[in-house]
Amino acid sequence: MSEEKQMMDSIVGDLFFGEVKEDNVFPYPGFTDEQQDFGREMVNAVNKFCEGTLDGEKMDHEGVIPPEVMQGLAELGLFGMGVHEDLGGLGLDYTLYSRVFAEVASFDGAVATMIGAHQSIGYRALLNEGTEEQKAKWLPQLASGEKLAAFCLTEPGSGSDAYSIKTKAVDNGDGTYTITGQKLWITNAGTAEFYSVFCKTDHEVDGETKEKISCFVIEKGMEGLSFGEKENKMGIRASETRAVYFDKVIVPKENILGELGKGFKIAMNVLNSGRLSLGAGCVGGMKTILKLATEHAKGRKQFGAPIAEFGLIQDKLALMAARIYATESIVYMTTGNMCKGLNDYYLETAVCKIYGSESLWEVVDQGMQIAAGNGYMKEYPYERIMRDSRINMIFEGTNEILRIFLALSGIRNPSESMKALGKAADVSKALQDPIKSVGVLTNFAKGRLSKMIGQRLITKHHAKLDKEAGKFNSLLGQFAIQVENTLMKYGKNIIGNELPQKRIAEMAMNLYVMLAVISRTTSILNSDKIEQDKKDYALNLARVALKDARAIVVTNLKAMTSHDDKVVKETSDQVCANDGYGLDIINF
């Protein structure tokens, strides 16, 4: 990678400043010819295998992935998609990895969960941080599927607050560590043989002993390692989830991944990349549901006509397809830029996870509504897919905590740039030294004015998207002003105010959606290789998706200054005081 590529800025991060670096956005980072050739071949192979081998209903009922499925996945190389070919993997880049993973997810959520837990997060720390010796020791067997991996972070008292884990690794002073503790809800736990385990370790800091997080590899068969019963889950039932217990497990120092005390960052980097494949998997699931719903809508007749001809069904089908188009656009905008050298992609992958999982849930819900009574019956796949889909909004960071993460991470850099004004919470502080403050405030005012009147931030879009691009430019300027207003109003206290954080996150997500959709559609419209009917279809999908995203941004912009946050808090406090609803129609 060149230095220029390594310095590529986060697109979502720039949005918080009201900026877009067009060279990072246009042209859309679509598949290269080489990626297309390999991708089609790989996707076709996966499709053929899954169609002939996967029985989602049977796996859901029996709660297990059969050995022949595991063997077939291994033969396809699906356990080592991101591992270098020299170590037995396929060596896929982020874009191809995501597309192949999406194909698996289109057939079965439990199988996709198992594969994702194995490589998207299970041995990702080894890929990211492992020494050459460690990689040579473990990756060949992990990539071949001979051994399965698990990611062990969550504990009974530690979910989103990862830093509060209690599992402890004690230095024995002889080149080994003793690990004691437990992990909860670990996918692949009982069948895995390689565990990335995050523990607290002691460190001397300024003469005091402080605990930090470190990452260790624990292998199946080590004395003191045991497991709980298999969890009886609502969905993805064929994937295995158990508690993992460590009772004085002795681990050699050679099993430390990365630096001691750097485990929190290691875990976050793992989850950041893992969220990307989750977003891609949601695309696969949405495509399956839309196909089922479309077939039903075309075949089901009421009042003498297919229900696909009824306006309310058409509205659902159009929005379902547009959500797929939008999610696909942000996922592959992100993967393409990661391949080009985007290093800080945590904001983008958070958006892909939140938007993708919630779009999947919306599409599944609408698909079930189109199927009506059929959708509610177990003989059809809708209800199983609905159960399988629900977990996506929970694992790898709940969507609530990721909204907070997105908002607070995004506003951090604008807050730094506003330091020259004095405290961000009080611009008038800058006036305490009037002469010194004139230049600062003048520059600040100029910046706000340019955002208010709307800069032509994106100019490389196709002419057929002029209207949509103009609205994006206007909304982005208003968003950046609201970020500044929020910082001036709350200052450091923004950390404790989650409702404005949510609104900021919603706007950032949907602005990224708009940007990715405009970029992708521009590339499609400009292509000489794409037939006109497909261009027309893409343009319509874009317009539906852009209208949907724009409405969310506008709603949240208005709510920044006109909201009922105080009433919401008071009502919630009352609900808690009443231990629930607290009213009975008999008395009230």
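Helices (H or I, at least four residues) and strands (E, at least two) are DSSP runs, numbered from the N terminus. The structure is a predicted model, in which local features need pLDDT of at least 70, side-chain atom pairs count only at pLDDT 80 or more, and totals for chains, interfaces and linings use all residues. Residues are numbered from 1 along each chain as its sequence is written, and side-chain values use heavy atoms, with hydrogens and water left out.

The protein holds 20 helices and 10 strands. Its C-alpha atoms fill a box of roughly 80 × 70 × 70 Å along the principal axes. The radius of gyration, taken over C-alpha atoms, is compared with a globule rule of 2.2 Å times the number of residues to the power 0.38. For 588 residues, a compact globule would have a value near 25 Å; the protein has 25 Å, which agrees.

Burial is set by relative accessible area: buried means under 20%, exposed over 50%, and partly exposed in between (1.4 Å probe, protein chains only). By this rule, 52% of the 588 residues are buried. The accessible surface comes to about 27,900 Å², and carbon and sulfur atoms supply 52% of that surface. These areas come from the Shrake-Rupley method with a 1.4 Å probe; for residues, only the protein chains shown count as cover.

A contact means heavy atoms within 4.5 Å. Among contacts with a separation of 6 or more, 76% link residues 24 or more positions apart.

Charges were counted with Lys and Arg as positive and Asp and Glu as negative, leaving out His and the chain ends. Each charge was placed at NZ of Lys, CZ of Arg, CG of Asp or CD of Glu. The 67 positive and 78 negative charges have mean positions 6 Å apart.

Helix α14 spans residues 382-389. In this helix, 8 of the 8 residues are buried, so α14 is largely enclosed by the rest of the structure.

E468 lies in helix α17 (residues 466-490). With a relative accessible area of 10%, E468 is buried. Beyond its neighbours within four places in sequence, E468 is in contact with I518, R543 and L546.

A disulfide is a pair of cysteine sulfur atoms within 2.5 Å. The search of the whole structure finds 0 disulfides. C152 is in none; its nearest cysteine sulfur, that of C199, is 9.2 Å away. C152 is buried, at 0% relative accessibility. C199 is in no disulfide either, and the sulfur of C215, the nearest, is 8.0 Å away. C199 is also buried, with a relative accessible area of 0%.

Backbone geometry was examined next. Most residues other than glycine have a negative phi, and most peptide bonds are trans. F26 and P27 are joined by a cis peptide bond, with omega about -10°. P27 sits in the loop between α2 (11-15) and α3 (33-53). W185, not a glycine, has a positive phi near 55°. W185 belongs to strand β3 (residues 176-187) and is exposed, at 56% relative accessibility. D579 is not a glycine, yet has a positive phi of about 55°. D579 falls in the segment after α20 (565-577) and is exposed, with a relative accessible area of 74%.
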